[in-house]
Amino acid sequence: TKKPGEKKPRRLPPIDKERLQKHRRGDGVNIKRKGQLKNKYQRARLIQKEKAIERAAEQAARAEILLTEESGHLEADIGESTLQYKQHEIAANVDITSATKHFRLNLDFGSYQHKYTRNGRHLLLGGRMGHVAAFDWVTKTLACEMNVMESVHDVAWLHVETMFAVAQKSYVHIYDNQGIEIHCLKKMNGVNRLEFLPYHFLLASGSYEGCLAWLDVSIGQMVS
């Protein structure tokens, strides 16, 4: 019986089947199958769990309507090229948040190698003709900029944004975020590729001669 003053529960509108199917986690356990579960306690727990999973899928499908933002992109037709669109035209037609991320770099020292830190905030650039620069691309604050006066083949951040490695003409050099040289790794010579493994604290390198080398930056010794 309905109590005085008690409100009638509001019926929710039906959910689109395709949207609901996208959030479902597959077929559940067939509880009605004979011999599947002999324990009544386990059967009751599985029924509750299946109902909770179904409710979660329904709530996710209903909340999808609140996701009004979509990632922007340029979609070209067959045979059409997007090369005619300039960067300033794209910045003028996107939302304000995306437009503030637009910046211009004058890179006049040959082909460049670049690396971001793991959080994507700091950018490291290395030009073929010796130009090296590190900066915070969110605030556009320059950490350091220099010319090492010899060719640069690759760059890599280490475990923190205050140190980075540069594969130069002969050896790999380690610098801090002020551009001061900390180490010169003469056992890594003729290197043209660098990669830092953050979970192992290893600086991996590959040379023109096909040699691979790993440096443990935590102890400063070559592993292999």
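A salt bridge is a side-chain nitrogen of Lys or Arg within 4 Å of a carboxyl oxygen of Asp or Glu. With that term in place, I turn to the structure above, which is a predicted model.

The protein chain contains 4 helices and 12 strands. Of its 224 residues, 25% count as buried. The chain exposes about 17300 Å², and carbon and sulfur atoms supply 52% of that area. Among contacts between residues at least 6 apart in sequence, 31% join residues at least 24 apart.

Let us now consider the salt bridges. Asp-154 forms one with Lys-115, and the closest N and O atoms are 3.8 Å apart. Asp-154 belongs to strand 5 and Lys-115 to strand 1, so this pair links distant parts of the chain, 39 residues apart. Are these two residues buried or exposed? Asp-154 is buried, and Lys-115 is buried as well.

Lys-115 also meets the side chain of Glu-195 in a salt bridge, again described by an N to O distance of 3.8 Å. Here strand 1 is linked with strand 9, across 80 residues of sequence. Glu-195 has a relative accessible area of 42% and is therefore partly exposed, because that class lies between the limits of 20% and 50%.

The remaining pair is Arg-121 with Asp-136, whose closest N and O atoms are 2.6 Å apart. Arg-121 sits in the loop between strand 1 and strand 2, while Asp-136 is in strand 3, 15 residues away. Arg-121 counts as partly exposed because its relative accessibility is 34%. Asp-136, at 9% relative accessibility, counts as buried. Which residues do shared partners join into one network? They are Lys-115, Asp-154 and Glu-195.

Leaving aside residues up to four places away in sequence, Met-188 touches several others, including Val-172, Leu-203, Trp-214 and Met-222.

Strand 9 leads us to a sheet. This open sheet of 4 strands has the order 9-10-11-12, with antiparallel pairing. Which strands form its edges? Strand 9 and strand 12 do, since each pairs on one side only. Strand 9 and strand 10 pair over 6 bridges, and Leu-197 stands opposite Leu-202 in strand 10. The hairpin of these two strands has 4 residues between them, and Phe-201 takes a positive phi near 55° there.

Finally, the surface. Leu-74, Tyr-85, Ile-90 and Val-94 make a nonpolar patch of about 330 Å². Of these, Ile-90 lies in helix 3, residues 87–93. With a relative accessibility of 32%, Ile-90 counts as partly exposed.

Notes
Residues numbered from 1 in each chain as written. Predicted model: local features only at pLDDT ≥ 70, side-chain atom pairs only at ≥ 80, totals over all residues. Heavy atoms only, no water. Contact = heavy atoms within 4.5 Å. Pairing = 2+ DSSP bridges. Buried < 20%, exposed > 50% of the residue type's maximum accessible area, 1.4 Å probe, protein only. Areas by Shrake-Rupley, 256 points an atom, 1.4 Å probe, with all protein chains shown as cover. Patch = residues over 30% accessible without salt bridge, like charges linked within 9 Å, V, L, I, M, F, W, Y side chains within 5 Å.
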